[in-house]
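Thanks for coming, everyone. I'll show one structure and walk through it briskly. Please have a look before I go on.

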Amino acid sequence: TNSIFPPTDGINDFVDIGNKASLSPTINQPITFETWINPTNANNGMIASKYFNMDAGNSNFFIALANGKIQLTANGTNVLYSNTTVAASTWTHLAI
């Protein structure tokens, strides 16, 4: 397959996509985020973020695991949680 990302071993890997304005969702500029995850611990963990030092006032969004549920915020204060849970050691497809 063709990929713009280098191969990973799935342990503590990440892709830095920079700080492009086009990757900052807003009401007028929505984005779609899609990935597969296979967490070893479904209780917590960051999946994707455009957060600066965990400062909500200087940040855009994050997608994380919290108590087995997907957690999403687009402004740091209004947090949404999924209705379904994510199991540990199981591949799960996310599309947000």
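In which sense do strand S4 and S5 pair, and over how many bridges? Strand S4, residues 69-73, pairs with S5 in the antiparallel sense, over four bridges. One of the contacts: leucine 72 has leucine 80, in S5, as its bridge partner. Pairing here needs at least two DSSP bridges between two strands. Strands are DSSP runs of E, at least two residues, numbered from the N terminus.

A word on the source. This is a predicted model, where local features need pLDDT of at least 70, side-chain atom pairs count only at pLDDT 80 or more, and totals for chains, interfaces and linings use all residues. Residues are numbered from 1 along each chain as its sequence is written, and side-chain values use heavy atoms, leaving out hydrogens and water.

Now the whole sheet. It is open, with four strands in the order S2-S3-S4-S5, and the pairing is antiparallel. S2 (44-49) and S5 (79-85) are the edges; each has a single partner strand, so one side of each has no neighbour in the sheet.

Next, confidence. pLDDT is the predictor's confidence in each residue, from 0 to 100. The protein averages 77, and 73% of the residues score at least 70. Where pLDDT is low, the predicted coordinates should not be read in detail.

Last, two loop residues. Asparagine 67 lies between strand S3 (62-66) and S4. It is not a glycine, yet its phi is positive, about 55°. Asparagine 67 is exposed, at 66% relative accessible area. Exposed means over 50%, buried under 20%, partly exposed in between, with a 1.4 Å probe and protein chains only. Serine 89 sits in the loop between S5 and S6. Serine 89 is no glycine either, and has a positive phi of about 60°. At 58% relative accessibility, serine 89 is exposed.
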